[in-house]
Amino acid sequence: MADEAVAAALRSTARLVVVEAPGGCGKTFQGAAFAADVSSTLGAGRLLILTHTHAACDVFGDRTKGLSGLEIRTIDSLIGQIAEAYPEPGLIAGALPDYDRNSRWAAGLLKRRPFIADMLARRYPMVVCDEHQDASVEQHAVIECLHDAGARVRAFFDPMQRIYGAGATEAQRQADDSRLASFRAAADVAESLDVPHRWTGGGEELGGWILESRASLAAGGKLRLTGKLPRGLKVVFADNTAQRNLGFQLDAQDRRPLDPAFKGVQPLLILSHHNDTVQAIRAFLGRSMPIWEGHTRSALPALVQSLAACDDAAAVAKAAVAFVQGVCTGFSDSQFATRFQAEVASGCAKPARGKPALVQSLARRIVEQPNHAGVGAFLQDLQQATKFQAEFASVHIDYPREFWEAVRLGTAKDPQAGLAEQSRHNALTRRLPPLRAVSTVHKAKGLEAPNVVIMPCDGTTFREKDRRLLYVAISRASRNLTLVVSRSNPSPIIEL
């Protein structure tokens, strides 16, 4: 059986073991059990478990409590330690960590100075790589250097969980696939996990269907919704009637089959592809469910980068508006943003009354402090306005954690230092989503929930190239999965 074969391969004398591990098939259990058996047998060396997130470090930490001879860390932290010990020439002392730059430097350094890799391999004679499909080219090169220096490597990966953002090119996807295929081909032993442990105890039919769907999607096929559906899978046909691109709306008749889940109290995770759609779904539900913000941010780093390039109040106002429109709904150009930026540009010089006066008071915060401190003060005033001013009732903060992190930037020495502190805090804080939440598929990666709804399953949301994204979405459900499928514009990767 696959479980026994994988366990034997991990404990073998092979120098490189690669395990394809679909979500829910016991990868963390296998890795933790292996650590328990091996960590005390390495003499002066230590077993090193490398993950891509601090949350994954916590999961492995929980499973390996009390073990000696074990170190668990993110691969970025290992690379950062190498870059700190052997700094790149010309790097400014005290500069904020640039993970991509550190990775490039460390990968090149280990190849040019193999004695460094030799020292690391002696300290870590056994390395376990978690979710290795998410490793960048440079991170992968670091692992290869450790392996070439004598470290035995055990790598878990799932190519179907390698999902991309909007900027990824087809060439990048193909290069990543080729790299993973070559890595597996070079392994002394290659195995696959295929027992759907996540669904044990009532979700076996659903788990089997999800693994079958994974195989079909991986082969370029479709998600099959034909014939008898497994227990736990529900298909609701409903058309998204929203007029706005990436918006979301259902008429009353189409919504009716979904209302028991929407209005219930059972744990529920609603997934969609795009941030704009997630915000629209939240509005469609009367903002009764929060958005899961995850551990990474998108609008906040963009704000900090923009502020670093600002040289006047108008540029600061533009950056602040872009941030607000990224984390809030309702602060539209026509209602607020255009007037706000005009007030900043004029120095809030003209008298105003009513709603224009309220907008002017917000703009004055930027005029008085055309920097990150002014942005923080503006955001605080905006939050108060949404609570107490009827003119701002249409403005809603959809990402409150990110919003308040931007407010706290205002108290930092500079925005870059404030962002670094916020990032450290988020990385070291293990947060779980609320029991009932809306999320993008990207943010939900690594999570599971008993009840999952994916919507809309149409040709705009899940396109031909989104097979992996759809697989990651369906595999979050451990007991009940509902797909809201369009009648008029079904996804091309769904077979009806």
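A crossover is right-handed if, with the strands pointing away from the viewer, the path from the first strand over the helix to the second runs clockwise. Strand 2 (residues 47-51), helix 3 (residues 54-63) and strand 3 make a β-α-β unit of this right-handed kind. Helices (H or I, at least four residues) and strands (E, at least two) are DSSP runs, numbered from the N terminus.

The model is predicted: local features need pLDDT of at least 70, side-chain atom pairs count only at pLDDT 80 or more, and totals for chains, interfaces and linings use all residues. Residues are numbered from 1 along each chain as its sequence is written, and side-chain values use heavy atoms, with hydrogens and water left out.

Strand 2 and strand 3 pair in the parallel sense over five bridges. Pairing requires that DSSP find at least two bridges between two strands. L48 has E71 of strand 3 as its bridge partner. Four of the five residues of strand 3 (residues 70-74) are buried, so this strand is largely enclosed by the rest of the structure. Buried means under 20% relative accessible area, exposed over 50%, and partly exposed in between (1.4 Å probe, protein chains only).

Helix 3 also packs with helix 2 (residues 27-38), at an angle of about 55 degrees and with the axes 9 Å apart. Axes are lines fitted to C-alpha atoms, for helices over the stretch in contact; angles run from 0 to 180 degrees between N-to-C directions. The two helices, helix 2 and helix 3, are therefore oblique to each other. Angles under 35 degrees count as roughly parallel, over 145 as roughly antiparallel, 65 to 115 as roughly perpendicular and the rest as oblique. T28, F29, G31 and A32 of helix 2 make the contact with V59, F60 and R63 of helix 3. Contact means heavy atoms within 4.5 Å.

L109, L110, K111 and R112 in helix 5 meet P114, I116, A117 and L120 in helix 6.

An open sheet has five strands in the order 8-14-13-9-12, with parallel pairing. Its edge strands, strand 8 (233-237) and strand 12 (436-440), each pair on one side only. From one strand to the next, the twist averages 20 degrees. Strand 8 pairs with strand 14 (residues 477-485) in the parallel sense over five bridges. K234 stands opposite T482 in strand 14. Helix 9 (residues 204-218) packs on the sheet and touches strand 8 and strand 14; its direction makes about 60 degrees with that of strand 14. Helix 12 (residues 275-284) also packs on the sheet, touching strand 9 (268-272), strand 12 and strand 13 (449-457). The direction of helix 12 makes about 155 degrees with that of strand 12.

Seven of the nine residues of strand 14 are buried, so strand 14 is largely enclosed by the rest of the structure. Strand 14 runs parallel to strand 13, and six bridges join them. C457 stands opposite V485 in strand 14. Strand 13, helix 21 (residues 467-474) and strand 14 make a right-handed β-α-β unit.

In strand 12 lies S439. S439 is buried, with a relative accessible area of 0%. Beyond neighbours within four places in sequence, S439 is in contact with L269, I270, L271, S272, V278, W292 and A444.
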